[in-house]
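Dear colleague,

Please find the structure below, together with its sequence. My notes on what turned up in it follow directly after.

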Amino acid sequence: QNVRKLIKDGLIFRKPVAVHSRARCRENMIARRKGRHTGPGKRKGTRNARMPTKVLWMRRLRVLRRLLKRYRAANKVDKHLYHELYMKVKGNVFKNKRVLIENIRKRKFDNNRAKQQKDQVEAMRRKNKEARVRREERKKKRQDEWMEQVIKEEQQFA
């Protein structure tokens with residue numbers, strides 16, 4: 001009763017809850033995103049403890065494998081090239097996605113060029129063969145005409 005009276009009189013009152021603001025923390029986080037406060041003096045753990053190389057490797061591997069799967073699904077690479085590149089990705093040949101895409105483009109370009117050259121060579125062979133056949137036919141025709149002429153001459157003299 002007594003305490004209630006003191007509260008009512010305003011001699012006892014509830015203190016407000018202490019403010020625990022995150023404003024400074026937010027400000028610091030924004031600065032850290034820009035690269036502030038992250039120098040050697042602020043680091044406690046080793047590089048591997050702060051960002052494990054295994055995690056980085058797993059991320060990279062998954063990104064590259066996902067890209068290869070998408071390319072195979074879109075028929076940009078055939079299964080043979082896919083397998084070869086898959087194994088190279090596993091063997092740490094490609095540093096990042098850009099390098100892998102570059103390599104794929106280069107391989108496809110080289111394959112197309114080789115195919116074109118092969119087709120050209122084949123076309124040249126075909127053309128030469130046809131020319132040779134025509135030449136042989138002309139030669140045979142001329143020989144036949146000459147033979148007929150010789151026979152006619154013999155018949156005239158005989």
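Y82 counts as buried, with a relative accessibility of 9%, where buried means under 20% relative accessible area, exposed over 50% and partly exposed in between, for a 1.4 Å probe and protein chains only. Please bear in mind that this is a predicted model, in which local features need pLDDT of at least 70 and side-chain atom pairs count only at pLDDT 80 or more, while totals for chains, interfaces and linings use all residues. Residues are numbered from 1 along each chain as its sequence is written, and side-chain values use heavy atoms, with hydrogens and water left out.

A search of the whole structure gives 1 aromatic pair, formed by Y82 and Y86, which is tilted, at 5.7 Å centre to centre and 40° between the planes. (Rings of Phe, Tyr and Trp, the last by its six-membered ring, pair if their centres lie within 6.5 Å; planes under 30 degrees apart count as stacked, over 60 as edge-to-face and the rest as tilted.) Both tyrosines lie in helix α5 (residues 79-90), 4 residues apart, or about one turn of the helix; helices (H or I, at least four residues) are DSSP runs, numbered from the N terminus. Y86 is partly exposed, at 22% relative accessibility. The charged end of R72 sits over the ring of Y82, 4.0 Å from its centre, the criterion being NZ of Lys or CZ of Arg within 6 Å of the ring centre and within 35 degrees of the ring normal.

Because E84 lies in α5 and R107 in helix α6, the pair ties together parts that are 23 residues apart in sequence. E84 is partly exposed at 36%, and R107 is partly exposed as well, at 21%.

The structure holds 5 salt bridges, including two that involve D110: K106 meets D110 at 3.9 Å, N to O, and R113 meets D110 with the closest N and O atoms 3.7 Å apart. These shared partners join K106, D110 and R113 into one network. K106 is exposed, at 56% relative accessibility, whereas D110 is partly exposed at 29% and R113 is partly exposed at 42%.

Kind regards

Terms used
Helix = DSSP H or I, 4+ residues; strand = E, 2+ residues; numbered from the N terminus. Salt bridge = Lys/Arg side-chain N within 4 Å of Asp/Glu carboxyl O.
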